[in-house]
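Here are a few exercises to work through with the model open beside you. Try each task before you read its solution.

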Amino acid sequence: MNWTKKDLIGLETLTREEIETILETAVSFKEISSRPVKKVPPLRGKTVVNLFFEPSTRTKTSFELAAKRLSADVLSFEVATSSISKGETIVDTARNIEAMKVDCFIVRHSIAGAPELISRNVSSAVINAGDGCHEHPTQALLDMFTVKEKLGRIRGIKISIVGDILHSRVARSNIWGFTKLGARVFVCGPPPIIPADVEKMGAKVTYNIDEAIRDTDVIYLLRLQKERQKENFLSSLREYSYFYGIDETRYSEIKKGAVIMHPGPMNRGVEIKSEIAERQNSLILEQVTNGIAVRMAVLYLTIGSRK
Amino acid sequence: MTGREISRIIEKAAGIIEGEMGFSGLAIVGIRRRGAILADRIKKYFPDEVPVGYLDINLYRDDFSKIGAHPVISETEVLFDIDGKNILLVDDVLFTGRTIRAALDALVDLGRPALVRLFVLVDRGHRELPIGADFTGRKVETLVDEMVEVRLKEIDIRDEVLIEKKK
């Protein structure tokens with residue numbers, strides 16, 4: 001399949017074929033990171049700009065390494081010292097950087113829609129690295145890649161996403177992606193943090209963790225953001241952990257061959273008991289490794305053939 | 001060229017390669033896709049300890065940003081250390097020499113072979129770079145606008161080599 005999209009804003013707007021093209025391309029790129037010389041030349045001379053308006057370690061580093069392994073030059077934009085703090089709009093910031101002839105913006109912003117707003121105002125490619133509670137497409141793509149690699153398929157599997165679905169862009173992207181590829185997606189968490197319209201996206205809702213983990217192939221735990229307690233979405237972290245955390249009893253209930261995933265950063269002892277995160281069927285670090293291959297594929301497809 | 005001729009060429013070439021390169025430190029690397037298949041066929045004449053790898057050269061193409069469409073990237077699978085090895089590089093058709101240039105770049109990114117020799121099934125001339133094959137199945141006179149199509153039964157139903165006018 002030939003790639004025609006300028007940007008990657010979300011998985012809601014991608015077709016099944018487009019998602020599969022990214023995942024297949026990533027398979028070939030994974031091998032490059034295991035070489036002694038971890039570099040290939042297709043993005044030589046291209047400039048990729050990390051435009052992060054929200055803190056990030058994993059995603060920013062992962063995009064930076066992905067771009068560098070494809071031989072692109074990478075500029076990381078420090079928002080704290082930028083002209084945004086002098087009152088410039090994000091569109092003006094992006095257009096000014098684009099005037100210096102760059103090829104791609106990787107955008108993270110706390111407001112949903114910010115990457116799309118930038119993409120409509122620049123001719124460079126824009127890749128969404130997480131916008132508000134909207135989408136985090138490359139995270140979902142790397143999750144799908146990891147599941148496909150470990151379980152051999154996505155069609156027909158059951159995946160249960162547990163945690164704060166309401167505020168999670170990772171959950172939204174994963175629901176779009178996994179349902180498009182034919183998985184059965186369940187979401188589970190306390191009622192105040194399960195969005196009302198999530199079933200319209202194709203996910204089934206359960207408030208009972210035991211039901212969510214029964215017969216599931218993938219247990220996908222989300223990070224519980226501690227500040228949600230202050231906003232009265234939760235009565236306490238201990239209560240959350242008691243009702244929804246994966247402890248030894250619940251771990252013993254999961255079916256043989258099932259895997260545990262987490263987009264990080266983990267709250268050990270809240271959504272997952274610390275030791276369980278280290279078990280053989282926990283794919284948490286595998287996800288991080290695969291993130292590079294998937295982001296290489298996305299960069300290659302969006303800017304690889306730009307003149 | 002018929003399937004039988006292709007088989008005969010490969011058998012003969014395997015003998016010549018063995019004579020000139022020996023088996024000690026020898027490794028075969030085929031260029032995807034049809035060079036990879038030919039590499040497997042040559043390997044059948046060699047002992048088990050001679051490793052075979054496959055190279056995808058698309059990321060190293062010099063026309064990368066000019067072709068517009070994305071070449072499909074397949075996996076590079078060279079699962080042995082190429083440092084100090086005598087590499088037999090295998091491809092189906094030698095034409096401008098640009099594929100081999102890319103393959104050499106791809107290869108040196110994986111390590112430092114002691115030497116690299118090239119086998120091609122068909123040399124059709126019209127080189128644009130100073131590159132030549134060490135082992136050539138057959139030299140064919142062609143016009144620049146003709147196409148040399150190598151078909152191998154593993155992916156194309158039957159073995160044959162055709163020369164056609166470009167459509």
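**Exercise 1. Which strands form the open sheet of chain A, and in what order?**

Before you start, note that this is a predicted model, where local features need pLDDT of at least 70, side-chain atom pairs count only at pLDDT 80 or more, and totals for chains, interfaces and linings use all residues. Residues are numbered from 1 along each chain as its sequence is written, while chains are lettered from A and ligands numbered from 1 in the order in which they are written.

Step 1: Helices (H or I, at least four residues) and strands (E, at least two) are DSSP runs, numbered from the N terminus. Two strands pair if DSSP finds at least two bridges between them.

Step 2: read across the sheet. You'll find 5 strands in the order β7-β6-β5-β8-β9 of chain A, with parallel pairing.

Step 3: look at the ends. β7 (204–206) and β9 (259–261) of chain A are the edge strands, each pairing on one side only. From one strand to the next, the twist averages 25 degrees; angles here run from 0 to 180 degrees between N-to-C directions, along lines fitted to C-alpha atoms (for helices, over the stretch in contact).

Step 4: zoom in on one pair. β5 (residues 158–162) and β6 (residues 184–188) of chain A run parallel and are joined by 5 bridges. Here A:Ile159 sits opposite A:Val185 of β6(A).

**Exercise 2. Find the two domains of chain A and describe where domain 1 touches domain 2.**

Step 1: Domain 1 covers 16–136 + 288–303 and domain 2 covers 137–284 of chain A. Their centres, taken over C-alpha atoms, are 26 Å apart.

Step 2: look at the contacts (C-beta atoms, placed from the backbone, within 7 Å). In chain A, 20 residues of domain 1 are in contact with 20 residues of domain 2.

Step 3: see who contributes. On the domain 1 side, α1 (16–30), β4 (125–131) and α11 (284–303) of chain A each give two or more residues.

**Exercise 3. In chain B, which strands stand at the edges of the open sheet, and why is one side of each left without a neighbour?**

Step 1: order the strands. The sheet has 5 strands, β2-β1-β3-β4-β5 of chain B, and the pairing is parallel.

Step 2: pick out the edges. β2 (52–55) and β5 (135–139) of chain B each have a single partner strand, so one side of each has no neighbour in the sheet.

Step 3: check a pair. β4 (residues 115–123) of chain B and β5(B) pair in the parallel sense over 4 bridges, and B:Val122 has B:Arg138 in β5(B) as its bridge partner.

Step 4: Helix α2 (residues 34–43) of chain B lies across β1, β2, β3 and β4 of chain B, at about 150 degrees to β1(B).

**Exercise 4. Is B:Asp159 buried or partly exposed?**

Step 1: locate B:Asp159 in the loop between α4 (153–156) and β7 (160–165) of chain B.

Step 2: use the cut-offs. With C-beta atoms placed from the backbone, a residue is buried if 20 or more others lie within 10 Å of its own, exposed if 12 or fewer, and partly exposed in between. B:Asp159 has 19 other C-beta atoms within 10 Å, so B:Asp159 is partly exposed.

Conventions
Domain bounds come from an automatic or database domain assignment. Two residues are in contact if their C-beta atoms, placed from the backbone, lie within 7 Å.
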